[in-house]
Amino acid sequence: MCLAFADDGEQRRVVTAFLSEGLRRRERVMYFADRTRPEDVLGWLSASGTDPRPALDAGRLVVTTADDSYLAAGPFDPDGMVAALRKEVADSLAAGCTGFRVSGEMGWALRDVPGGDRLHEYETKVNQVFSGHPASAVCQYDARRFPADRLDALQRCHGAVVECEPLYSDSTLRLIPAFQQGRRALRVVGSVDHRNTDTLAAALDATLAWPGDVRVDMRELEFIDLAGVRVLARAAARLADGRRLNVVELAPLLCQVINMVGFEEATPALVVAAREAAE
């Protein structure tokens, strides 16, 4: 899985949950740190109520650095790293662990290291290590450091992405930060009407602090009333000159309604793109 994040707190929440669950399930757990110090990762576990010491002593938990894992041989070698992880999976199961999980901070690839340009090759090949085995991995990408086009390409190499913590979630509506095409986006899932337009407005207010254009993904939207559309238009109107609120994957009928009412014409920063009809 790929974890793209732009907030240190989000990284910590995901990593702590991922590692803690592996230890609880008596899997072998490995962590490859780059910008984070290994002792800080252990501190995250302790602060969450998971004592890492028994697993460390038993060899079921290993927290090391990128230099001692991805770059242990000097130049980065995708085939060598894939082989090393495959051996870790086999050795973990042979030792009686219930599975294997690993997470690594991938920022080392932005350094001037030999083989760093082969990261895309590695992310494509490493999927086979985890397919069909009781093994899992989370590759961490700091979206504040990786260029959007490279982040998008690397994210596509993974079989799944880690969903960020929703800004809001109930039985009717979920508002979820995400990364699409290497940039931050807001996924709107469910229905928007007069009961929750204030909630949508608050979420959009948060996105205004994001860099560049704002992308709002409506592919999982079931319904939105005119009050909800007005919220989108008002958010777009608050953007600085040159920025756009791109509402994408909206049902074609709703796009027609927006056009008929004239929201796009009245608010140039609001750009609406319809969902392509299924063939």
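Buried, in these notes, means under 20% relative accessible area. I keep in mind that this is a predicted model.

**Entry: strand S8**

I started with S8, residues 183–192. How many of its residues are buried? I get eight of 10, so I wrote the strand down as mostly covered, going by that under 20% cut-off. Next I looked up its partners. S7, residues 173–180, runs antiparallel to S8, and eight bridges join the two. One facing pair I noted is arginine 174 with valine 189 in S8.

S8 also pairs with S9, residues 214–217; here I found three bridges and a parallel run. Arginine 187 has aspartate 217 of S9 as its bridge partner.

Valine 192 pairs with isoleucine 224 of S10.

**Entry: the turn, and some phi values**

S7 and S8 make a hairpin, with two residues between them. Glutamine 181 sits in that turn, and I jotted down its positive phi of about 55 degrees. I flagged it because most residues other than glycine have a negative phi. Is glutamine 181 buried, exposed or partly exposed? Its relative accessibility is 44%, so it counts as partly exposed.

I located arginine 26 in the loop between helix H1 (8–24) and strand S2 (28–33).

**Entry: aromatic rings**

I searched the whole structure for aromatic pairs and got six. The one I checked in detail is tyrosine 141 with phenylalanine 146: the ring centres are 5.0 Å apart and the planes stand at 75 degrees, so I logged the pair as edge-to-face. Why edge-to-face? Planes over 60 degrees apart count that way, and 75 degrees passes that mark.

**Entry: a charge over a ring**

Which residue lies over the face of phenylalanine 18? I found arginine 101 there, at 4.7 Å from the ring centre.

Conventions. Residues are numbered from 1 along each chain as its sequence is written. This is a predicted model: local features need pLDDT of at least 70, side-chain atom pairs count only at pLDDT 80 or more; totals for chains, interfaces and linings use all residues. Side-chain values use heavy atoms; hydrogens and water are left out. Rings of Phe, Tyr and Trp (its six-membered ring) pair if their centres lie within 6.5 Å; planes under 30 degrees apart count as stacked, over 60 as edge-to-face and the rest as tilted. A charge sits over a ring if NZ of Lys or CZ of Arg is within 6 Å of the ring centre and within 35 degrees of the ring normal. Buried means under 20% relative accessible area, exposed over 50%, partly exposed in between (1.4 Å probe, protein chains only). Helices (H or I, at least four residues) and strands (E, at least two) are DSSP runs, numbered from the N terminus. Two strands pair if DSSP finds at least two bridges between them.
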